[in-house]
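Here are my notes on the model you sent over.

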Amino acid sequence: FRSFPIVALILLLAAPAGAQERYFGYYDHAISSPSERSHLLEHRSYANVASNVRWWVESDWWIAEAAGLKVILPWPSEFFDGDQYFPGIDYDHALPWGRWMWYGNPGDTAVEWYYAVLRHRDQIVAFGLADERDCNYGTTFPNWTYASCAAMARKLEANASTIKAIFRFHGWDVPVWVNYTSAFAAYFQSPNPSAYGVSIPQSVDWVSFDAYTPFERCYGSLSCPQLLAGLEQHLRADQRLVLIPRAFSGPYLGYHPSELQVAQTGVQYYQYMQSHPRVIGMFPFAEFTIPGVGWYGASSIPVIHETFRWIGQQL
């Protein structure tokens, strides 16, 4: 390492990695990420998962395999949003197999998606069910209502149980992951979050929230460990936590840390992970620069990129 700040951070990483298998890779999305995936080959030395494989592009699967990366596959929005745009579809019983796919090759339907998943089942480590859905149909934060929170909880459960049902038919109990916001996670400080219509779907295996504010002030006066502890008290013993630390430089909700502060926050997440065996994975956001919002991803900032590379190697 040529940079003194990087060396100083690495020296802080004294806790030994746990024996439990952990997953590490940059948080991404197959639809919004760059059009080619050759950068995944660079991940082979410090990551073991990728989350930006496009199900309809065979070369994406090949590149991930060549890099030794398992895949977190997004649950298609065509299925999740289906009953919003096509009333009457019952996710508890069947998928609309004739549904055309918004993202894919011309003429692709849910059948093509289904067989693509089965062809590559040995590469898939989990389905990413939803990102920041919270209570956000009909109302937006901070005006969430009991009804909107309860409705989204039912929708998440219906989709998660569908994933379980269609693949258990093939003897495959694939994990399902849902990500929330820190504002939503704050509800779990309550001993009875269901009083607000809030709950964790029973068919979900991994749970996370994203918070790009200081580790000590994840949401208001609540620290990230406090939010995680609140979630944990409402999880079953077999459900796991995922961490999504900030890996970009730029302003967010009035907070604009230095590049070194961003890297230091990554170290705090790593140290937390070492003492909490329930945490199954860490997926920093983001690897690339986010256009239009002034967020510069880890790939363009050496102190952030090298810190997360080291963390990934340990995990």
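1. A quick definition to start: contact here means heavy atoms within 4.5 Å. On that basis, among contacts in the chain between residues at least 6 apart in sequence, 71% join residues at least 24 apart.

2. Some ground rules. This is a predicted model, in which local features need pLDDT of at least 70 and side-chain atom pairs count only at pLDDT 80 or more, while totals for chains, interfaces and linings use all residues. Residues are numbered from 1 along each chain as its sequence is written, and side-chain values use heavy atoms, with hydrogens and water left out.

3. Overall make-up. The chain has 10 helices and 10 strands; these are DSSP runs numbered from the N terminus, with helices being H or I of at least four residues and strands being E of at least two. Of the 315 residues, 56% are buried. Buried means under 20% relative accessible area, exposed means over 50%, and partly exposed is in between (1.4 Å probe, protein chains only). The chain exposes about 13,700 Å², and carbon and sulfur atoms supply 56% of that. Accessible areas come from the Shrake-Rupley method with a 1.4 Å probe, and for residues only the protein chains shown count as cover.

4. The largest nonpolar core. A nonpolar core is a set of buried Ala, Val, Leu, Ile, Met, Phe, Trp, Tyr and Cys residues joined through side-chain atoms within 4.5 Å. The largest one here has 83 residues, and those touching the most other members are Trp75, Trp113, Phe127, Leu129, Phe167, Phe209 and Met282. Helix H6 (residues 146–168) is the biggest giver to this core, with 7 residues. There's also a second, separate core of 17 residues, including Tyr27, Tyr212, Ile244 and Phe283.

5. Phe209 up close. Not counting residues up to four places away in sequence, what does phenylalanine 209 touch? Its partners are Asn179, Tyr180, Thr181, Ser182, Ala185, Cys218, Cys224, Leu227, Leu228, Leu231 and Ile244.

6. Ser51, worth a look. Serine 51 sits in the loop between strand S2 (49–50) and H2, and it counts as buried because its relative accessibility is 7%. Its side chain reaches the backbone oxygen of tyrosine 26 at 3.1 Å, and a polar atom of that side chain lies 2.9 Å from the backbone nitrogen of aspartate 28. Both are polar contacts, meaning a pair of N or O atoms within 3.5 Å; within protein, one must be able to donate a hydrogen and the other to accept it, and residues adjacent in sequence count only if both atoms are side-chain atoms. Leaving out residues up to four places away in sequence, serine 51 touches Tyr26, Tyr27, Asp28, His29, Ala30, Ile72 and Pro74.

7. Aspartate 60 is in helix H2 (residues 58–66), and at 1% relative accessibility it counts as buried. Setting aside neighbours within four places in sequence, aspartate 60 contacts Arg37, Asn52, Val53 and Arg54.

8. Tyr270 and Met282. Tyrosine 270 lies in helix H9 and is buried, with a relative accessible area of 0%. The C-alpha atoms of tyrosine 270 and methionine 282 are 8.3 Å apart, with the two residues 12 apart along the chain.

9. Cis bonds to check. The peptide bond from phenylalanine 141 to proline 142 is cis, with omega near 5°, and proline 142 is in the loop between strand S4 (124–131) and H6. Another cis bond joins phenylalanine 285 and alanine 286, with omega about 10°. Alanine 286 lies in the loop between strand S9 (279–282) and strand S10 (296–297).

10. Positive phi. Which backbone angle is positive in glutamate 132, a residue other than glycine? Phi, near 60°. Glutamate 132 is in the loop between S4 and H6, and is partly exposed, with a relative accessible area of 31%. Leucine 253 also has a positive phi, about 50°, although it is not a glycine. Leucine 253 is in the loop between strand S8 (248–249) and helix H9 (259–274), and counts as exposed because its relative accessible area is 72%.
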